[in-house]
Amino acid sequence: MKLFGTKETDTHKIYYFCGIKFKFAQWHSIGSVTSDYVFLERNLRENVKMRMNGWWDGYRKQCLNEYFREEIYAWNIVKEKFNHFFLRNINIPQVEFVLTTKCTLRCKNCSNFIPAIKDKYTMSLDEFKNNVDALAKGSNEIQTALLLGGEPLLNKDLPAMVSYIAKNRKFKTIYIVTNATLDFSEELLSAIKEYKDKVRVYISNYSINKELENRLKTKHIVEVLDQNGIGHYTFDDLKWHEMSPCKKLNMPYENVVQRFVTCQAKCVQIYNKHMHICPISTFCEIKKWFDFDENGQEYVCLDSKLSAKTLKKNFIKFYKRDYFQACDWCPKTTYREITPAEQLKEEEAYNG
Ligand SMILES: C[S@@+](CC[C@H](N)C(=O)[O-])C[C@H]1O[C@@H](n2cnc3c(N)ncnc32)[C@H](O)[C@@H]1O
Ligand code: SF4
Ligand code: SF4
C-alpha cells in the first residue's frame, strides 16, 4: 500500500496520503481549457506554493520538512481543493495596491507603465480602507499584499495604510516595495515596527545601474531598517525584462485564451477601487483603450458595502475567466533581459 505520493494518469491525478487515495480529474485532459483549470493553476496551486515557500525571500515559509515536501504539497492541494470546491473558500495568493502613479524615477520598461501615465493618481486612505475591507470580506485569506506604485513613499497616508492593512488578520504578509530614493519617515518606521511580524520592506536593487548611483539611498535605508528591527530584502542580481509597446494585437480568440492560460503573472493589481488581473489590464483602463463593462468582470469592483456573498461570487467569476481583453494587448513578448531601471531621457516617451 502506498502511504504518500502522487500518480498521474491521462485523465486523473491521484494523491496518496496515509494510505488514503484521493482521485481528481485533470482539468487540462478534459479536452479544452476549462475555467476550473484556470482557477486551479493561477490561484489554488499558487496559494499553496506561497504558503509553503513564503515569498521571494522565503519569509513566512511554512514547509520546513524537506524530506516530505512533495507529500505535504500534495496534501495541501487536496485540502485547498476541498476548501474551495466544497466550502467555497477563496484564498488570494498575491495582490498589489497601486498607492500612487507618481514616481521619483522614469524607468524605461517600467512594468506598471508609470512614465506613460500623464494624469497622476494617488489612492486616498478611504479608498484604501474600502479596498482592504472588500478583499477581506469576500475572501478567506490573502497570502501577500504588496504596497507599491509608482513610488509608495510618495503617498502621505502610507503609515496609516500600513497600520490598517496589518491589523486585518486575513492579510498574512505585507511588503512595501520601494525604489530606495526616499527616506523612511519616523511615522512610517513606527507603523511598520508595530506589526513587524508581518510587514517587511522590499528594496528594488537598482544599484546595478550606475546612472542611478547618486539617487539611491539604499545603504542608509538598510541601516535605518536594521536599527529599527524591520525585516527587509533585496535581490543581489535583480533581473528585468523588456516590455514591448502596449498595442492591440488582434489575435484570434484561441490565441488570446492560450496567452492567458500560459501566462506566468499570478498577482492581481488594485487601482482605484478596481481589482485587475495584472498591470496591463490596469494600464488599459487608464488609457481607456477598450470598454470596461463592469458586469463583464474585466475587473472586480471593490465595494466594501456589498455583502460577503456577493463579493465572493464576483471574485470566483473573475478568477474563473479563461481570458481578459487585456491579453490581446499584452506586451510581454520578448522576455529579453535588460539592465534594471534604465532612465528615459527628458524628452523620451514610454509606451504610448
Ligand atoms: C513597478 S515597481 C513599483 C515600486 C517601486 N517604484 C520600485 O521600483 O521598486 C514594482 C516592482 O516591479 C519591478 N519591475 C518594474 N519593471 C520591471 C520589468 N520590466 N521587469 C521586471 N521587474 C520590473 C521593480 O523592480 C519593482 O520591484
Ligand atoms: S519601476 Fe521605476 S518608474 Fe516604475 S514605479 Fe518603480 S521606480 Fe517608478
Ligand atoms: S495581459 Fe498578459 S500578463 Fe496580463 S493576464 Fe493577460 S497574458 Fe497575463
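Select tyrosine 206 together with ligand 1: an N or O atom of the tyrosine side chain is 2.6 Å from an oxygen atom of the ligand, a polar contact (a pair of N or O atoms within 3.5 Å). This is a predicted model, in which local features need pLDDT of at least 70 and side-chain atom pairs pLDDT 80 or more, while totals for chains, interfaces and linings use all residues. Residues are numbered from 1 along each chain as its sequence is written, ligands are numbered from 1 and chains lettered from A in the order in which they are written, and side-chain values use heavy atoms, without hydrogens and water.

Now show the 17 residues around ligand 1, of which Asn109, Ser111, Ser204, Tyr206 and His241 come nearest (a heavy atom within 4 Å counts as near). By class, this shell has nine polar, six nonpolar and two charged residues; Gly counts as polar, and Tyr, Trp and Cys as nonpolar. Colour strands E6 (171–178) and E9 (240–241), since each supplies at least two shell residues (strands are DSSP runs of at least two residues).

Finally, move to ligand 3. Around it are Arg259, Phe260, Cys263, Ile277, Cys278, Ile280, Ala326, Cys327 and Cys330. The shell around ligand 3 divides into eight nonpolar residues, one charged and no polar.

Key. Polar contact = N/O pair within 3.5 Å; in protein donor to acceptor, adjacent residues only side chain to side chain. Helix = DSSP H or I, 4+ residues; strand = E, 2+ residues; numbered from the N terminus.
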